[in-house]
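Hello,

Here is the structure I promised to pass on. Please open it first, then read my notes below.

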Amino acid sequence: MDTRKSQELFAEAQRLLPGGVNSPVRAMRSVGTDPIFIARGEGSLMYDVDGNHYIDYVGSWGPLILGHCHPAVQEALEKTLRNGTSFGAPSPLEVELARKVIAAVPSIEMVRMVNSGTEATMSALRVARGFTGRDRIIKFIGCYHGAVDSLLVQAGSGMATLSLPDSPGVTKGTSADTILARYNDLDHVREIMAAGGEQVAAIILEPVAGNMGVVPPAVGFLEGLRQLASEYGSVLIFDEVMSGFRVAYGGAQERFGVAPDLTCLGKIIGGGMPVGAFGGRREIMETVAPAGNTYQAGTLSGNPLAMAAGLAMLTELGKPGIYEALEEKSAWLADSLAESAAAGTIATCQNRVGSMMTLFFTAGPVTDFGSAKASDTGRYAEYFKHMLENGVYLAPSQFEAAFVSLAHDEDNLARTAASAAAFLRG
Ligand SMILES: *Cc1c(COP(=O)(O)O)cnc(C)c1O
């Protein structure tokens with residue numbers, strides 16, 4: 001595989017951008033290789049600057065559930081572009097997308113558009129704190145909610161009480177208001193709440209975890225959190241930036257039948273443009289400025305191009321049979337990988353919820369960050385490189401999801417399965 005142009009670009013990029021990239025995971029450091037520079041995408045494929053192409057299972061980290069350059073999204077963008085790129089004043093597309101999101105996700109009665117998932121979670125936490133008049137938040141180890149100061153925390157040695165900054169620049173004061181809990185461990189959350197639940201403004205989580213690799217919620221976990229949040233008057237926040245419109249049209253809350261107080265969205269609702277949103281119960285959302293006093297603002301929020309792409313995306317996803325088709329493709333691929341793994345000697349365990357899945361290189365089961373961390377990341381790096389050389393672009397980290405899109409056809413899936421089989425069967 002010739003990747004000379006990618007290598008040249010990366011050499012220059014490293015002088016101009018920290019680490020040569022604008023977001024860390026793209027640098028591919030955790031699989032010990034250099035990034036591939038992408039020139040264009042089409043359907044299920046990405047083409048790099050050297051002319052190689054790959055079946056893409058990253059899908060821009062989730063948004064591209066229809067594949068690259070879907071005609072409906074492209075047309076909406078082209079049409080909207082002719083009227084201008086930004087007004088800094090209300091425009092009709094914002095109302096239309098809000099209507100669609102509210103219709104799709106019943107727990108959302110009002111919504112605020114922002115520009116990224118990070119902005120959505122950061123704002124939702126501020127609103128939860130403003131609404132409750134409390135400072136503390138509970139987050140789960142292994143869940144990622146964007147590059148938000150108060151969420152970039154790690155467990156302190158004492159566990160379960162104070163957490164420590166997980167990045168330089170995050171102050172001890174900021175991290176001290178974040179309490180870390182173990183994912184899928186309801187008893188742990190119960191203990192934390194019993195010890196001071198009346199100070200907890202919000203419990204935030206990925207209702208289907210995707211950022212430690214895919215980890216589904218255990219039976220009763222979401223229901224139990226719902227109950228605890230209600231009991232103590234804390235705001236339950238589902239971060240559905242990844243799972244929203246992915247695991248079902250109405251997200252994980254539809255799939256698992258549990259309603260949060262606030263929901264964060266992003267990725268798919270922007271159709272590949274930079275978008276985030278947060279919304280929920282009217283009583284809470286009416287505290288957001290200018291309806292209420294909790295400040296939140298954005299120069300480009302509700303941007304017409306982003307709204308148009310999101311609308312086109314959600315319109316496509318609202319058509320009959322879409323999630324059934326995604327389920328069928330994903331199940332076929334997962335079954336095939338499981339069969340190959342069973343025929344080989346490498347320990348693996350696979351988690352899948354709808355069209356998001358992770359093949360962990362550990363015997364499993366993987367139910368939380370601790371069990372995910374048991375994975376052989378060296379083996380994953382070999383698998384990643386093997387797949388890349390065979391024209392399959394997976395996430396360059398064990399602790400990410402593979403996303404199946406509607407653009408993946410039978411031939412794509414069969415080629416992916418065959419490439420994986422060659423590695424897994426040994
Ligand atoms: C990607 C992601 C975010 C952050 O979104 P950005 O648009 O990258 O800021 C937040 N939460 C979850 C669950 C995500 O997957």
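A polar contact here is a pair of N or O atoms within 3.5 Å; within protein, one atom must be able to donate a hydrogen and the other to accept it. Keep in mind that this is a predicted model.

Start with Asn351. Its place is in strand β13, which runs over residues 349-353. Is Asn351 buried or exposed? Asn351 has 10% relative accessibility. Buried means under 20%, so Asn351 counts as buried.

Its side chain has polar partners. A polar atom of that side chain lies 3.0 Å from the backbone oxygen of Val366. The backbone oxygen of Val214 is 2.8 Å from a polar atom of the Asn351 side chain. Both Val214 and Val366 are also among the residues in contact with Asn351, once neighbours within four places in sequence are set aside. That list also includes Val215, Pro216, Met356 and Phe360.

Now the ligand. Which residues surround the ligand? They are Ser116, Gly117, Thr118, Tyr144, His145, Gly146, Glu206, Asn211, Asp239, Val241, Met242 and Lys267. By class, this shell has 6 polar, 3 nonpolar and 3 charged residues.

For Thr118, a side-chain N or O atom is 2.5 Å from a ligand oxygen. For Lys267, the distance from a side-chain N or O atom to an oxygen of the ligand is 2.6 Å. Asn211 has a polar side-chain atom 3.1 Å from a ligand oxygen. On its own, the ligand has 380 Å² of accessible area, and the protein covers 83% of that.

Best wishes

Conventions. Residues are numbered from 1 along each chain as its sequence is written. This is a predicted model: local features need pLDDT of at least 70, side-chain atom pairs count only at pLDDT 80 or more; totals for chains, interfaces and linings use all residues. Side-chain values use heavy atoms; hydrogens and water are left out. A residue is near a molecule or strand if one of its heavy atoms lies within 4 Å of it. Accessible areas come from the Shrake-Rupley method with a 1.4 Å probe; for residues, only the protein chains shown count as cover. Ala, Val, Leu, Ile, Met, Phe, Trp, Tyr, Cys and Pro count as nonpolar, Asp, Glu, Lys and Arg as charged, and the others, Gly among them, as polar. Helices (H or I, at least four residues) and strands (E, at least two) are DSSP runs, numbered from the N terminus. Buried means under 20% relative accessible area, exposed over 50%, partly exposed in between (1.4 Å probe, protein chains only). Contact means heavy atoms within 4.5 Å.
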